[in-house]
Amino acid sequence: MKTILLAFGVVVVIAVVAANVLNGTFQTDSAAAFTTEGARVSPGEQNLITY
């Protein structure tokens, strides 16, 4: 029983640390993520797809 509880605790700790690292390091907004020569996102512009 101790092994199962220890494994559960380790999984929770790994998940929390991974979520914090991914949100703090790798997550960017779309204006910063898609700034290449072919795709520029300007603030305040309308979406090219209209419904």
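Guide: Before we look, one term: a residue is buried when its relative accessible area is under 20%, exposed when over 50%, and partly exposed in between (1.4 Å probe, protein chains only). This is a predicted model, where local features need pLDDT of at least 70, side-chain atom pairs count only at pLDDT 80 or more, and totals for chains, interfaces and linings use all residues. Residues are numbered from 1 along each chain as its sequence is written, and side-chain values use heavy atoms, leaving out hydrogens and water.

Visitor: How many residues of α1 are buried?

Guide: Zero of its 25, so α1 lies largely in the open. Across the protein's 51 residues, 0% count as buried.

Visitor: And what counts as a helix here?

Guide: A DSSP run of H or I, at least four residues, numbered from the N terminus; strands are runs of E, at least two. This protein has two helices and zero strands.

Visitor: Where does Val21 sit, and is Val21 buried or partly exposed?

Guide: Val21 belongs to helix α1. With 41% relative accessibility, Val21 is partly exposed.
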